[in-house]
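Hi,

Here is the structure I promised to pass on. Please open it first; my notes follow below.

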Amino acid sequence: LQAFPPQNVSSIEFLIKFSGVNDGAAQGAGVTARFVRSDINVVTPPILFTHVDNGIYKATVGLSGSLTLPAGSGYTIILKGEKHVARKFCKQTGQTAPCTGNESMPIPSGTTIPVFDFTGLSLDPGDLPPQDGKADSSDFDVIKSMLSKPCSGLTSQDKNTADLDYNGCIDTSDVFLMRKTLETRYDEN
């Protein structure tokens, strides 16, 4: 029998949700995708997501050059938003709880673009710019320091840093989202 090299995947479509965002307020938010397998560890540049409906966002990622991925099993995908903690996915669709053990998923080959529906687990905000890989008291202090500013007094940088629900203000809803993240253990990544 002749062995054929694995077929590379040319594109992948992602569907995601951001915690605290139920509309199109996060239009254009950037998220990186890290593809991990025993022999692969590749991170995309930020992918810009477009609002579809009811807080669901979509993006299609072209995979070529340094982002070449062979189809096959054993993958996990870690998504990290511009002001979010990393979230690990091990099921192509229907995942509603963190990955456990050695769970993984295949990346299918074929002529159609595979869809990875990760809407069952939202990306939780909290790792604020400049990101250090964790949500902690220093991130919370950034939000607290901006609470006294009226919405009209916030700069674009202020909003890009600490407006966790993308509503144009830094207010108690952002504090609530940050507190919820700080009360959650993120030991899966």
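I start with Arg87, which lies in strand 10 (residues 87–89). Bear in mind that this is a predicted model. Is Arg87 buried or exposed? Its relative accessibility is 8%, so Arg87 counts as buried, the cut-off being under 20%. What does its side chain contact? The side chain of Asp124 makes a polar contact with that of Arg87, at 2.9 Å.

Next, strand 7, residues 56–62. One face is covered: Tyr57, Ala59 and Val61. The other is uncovered and carries Ile56, Lys58, Thr60 and Gly62. Strand 7 pairs with strand 2 (residues 11–17) in the antiparallel sense, over 7 bridges. In that pairing, Ile16 stands opposite Tyr57. Strand 6 (residues 50–53) also runs antiparallel to strand 7, joined to it by 3 bridges. Here Thr50 stands opposite Lys58. Strands 6 and 7 form a hairpin with 2 residues between them. In this hairpin Asn54 takes a positive phi near 50°.

Last, helix 1, residues 137–146. Asp139, Phe140, Ile143 and Met146 are buried there. Seen down the axis of helix 1, the buried residues fall within an arc of 130°, so they line one face. The general rule behind such patterns: an α-helix has 3.6 residues a turn, so residues three or four places apart point the same way. Ser137 and Ser145, on the other side of helix 1, are exposed. What covers the buried residues of helix 1? The cover includes helix 2 (156–162) and helix 3 (172–182).

Best wishes

Key:
Residues are numbered from 1 along each chain as its sequence is written. This is a predicted model: local features need pLDDT of at least 70, side-chain atom pairs count only at pLDDT 80 or more; totals for chains, interfaces and linings use all residues. Side-chain values use heavy atoms; hydrogens and water are left out. Buried means under 20% relative accessible area, exposed over 50%, partly exposed in between (1.4 Å probe, protein chains only). Helices (H or I, at least four residues) and strands (E, at least two) are DSSP runs, numbered from the N terminus. Two strands pair if DSSP finds at least two bridges between them. A polar contact is a pair of N or O atoms within 3.5 Å; within protein, one must be able to donate a hydrogen and the other to accept it, and residues adjacent in sequence count only if both atoms are side-chain atoms. The arc is that of the directions from the helix axis to the C-beta atoms. Contact means heavy atoms within 4.5 Å.
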